[in-house]
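Biologist: I am new to this structure. Please take me through one part of it closely.

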Amino acid sequence: MQLSSKSVGIFEAFYNSVKPIQLITINLEVQKTGKFPAGVTTIPFEFPLKAKGTRPLYDSYHGVFISVQYTLHAELRRGILNKPLLKSLEFIVEGDRVAKNTDQPSIPFIITPQSLENIREIKSVPDFKISGTLDRAVCDIEEPLQGNISVEHSAKPIKSIELQLVRVETCGCAEGYAKDATEIQNIQIAEGDVMRGLPVPIHMIFPRLFTCVTTATNNFKIEFEVNIVIVLQDDHLITENFPIKLYRPKK
């Protein structure tokens, strides 16, 4: 597990001071010294995945500032005059599964000018009312997030409606903590000035590797949010934020 070299700003200070954390290290000899016969030789091998110390094995995850990767490094040592052959391959790890959460109520929402935050002058915001439902806030990472959204009325024409998935990564060390939110994917679920009162379905699959179960440790946190973004014809944005928690249920 390590900070990504793409980090900037305060994350650069962390990148220079935080060393990668080794979750697992195994050295295994799969074939003793000798010669291979002509043709293809297959050497089976296996090893248990056990974390070092008290840390669990976290989900494989490729983020902007945090990455959790598991890699096989194979080395074939040859004669004195020949360089060894090296090959690396990443493999995917899924962490412990938990009991499936079946008691999840849907999340109804209503977006109006009065419900928006960080608005200096509400008079400058056109009148609108947008309602809808998300099916849950605690989400099975292997199932799509679903729901619907409906434009009740809008004083200005609508250009598009988008669904944005955001990762929120928090890193900490002796220098303090830094938190940043970055976009994972943006899906357009409606285009043009949609019919008023028509429920528009929401359906979003959580992308593998770029999402993982919601994780919180002493050194870092990986959290997720969903933004519903309504783009008006004059390119003004109306955004509603929904924090979500991802988990992987037992089969």
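Is Leu-23 buried or exposed, and why does it count that way?

Modeller: First, some ground rules. This is a predicted model, where local features need pLDDT of at least 70, side-chain atom pairs count only at pLDDT 80 or more, and totals for chains, interfaces and linings use all residues. Residues are numbered from 1 along each chain as its sequence is written, and side-chain values use heavy atoms, with hydrogens and water left out.

Leu-23 counts as buried because its relative accessibility is 6%. Buried means under 20% relative accessible area, exposed over 50%, and partly exposed in between (1.4 Å probe, protein chains only). Leu-23 sits in the loop that runs between α1 (10-17) and β2 (61-62). Here helices (H or I, at least four residues) and strands (E, at least two) are DSSP runs, numbered from the N terminus.

Now look from Leu-23 to Cys-171. They are 148 residues apart along the chain, and 17 Å separates their C-alpha atoms. Cys-171 is buried too, because its relative accessible area is 4%. Cys-212 is in no disulfide, and the nearest cysteine sulfur, that of Cys-171, is 12 Å away. A disulfide is a pair of cysteine sulfur atoms within 2.5 Å. Across the whole structure, the search finds zero disulfides. Cys-212 counts as buried, because its relative accessibility is 2%.
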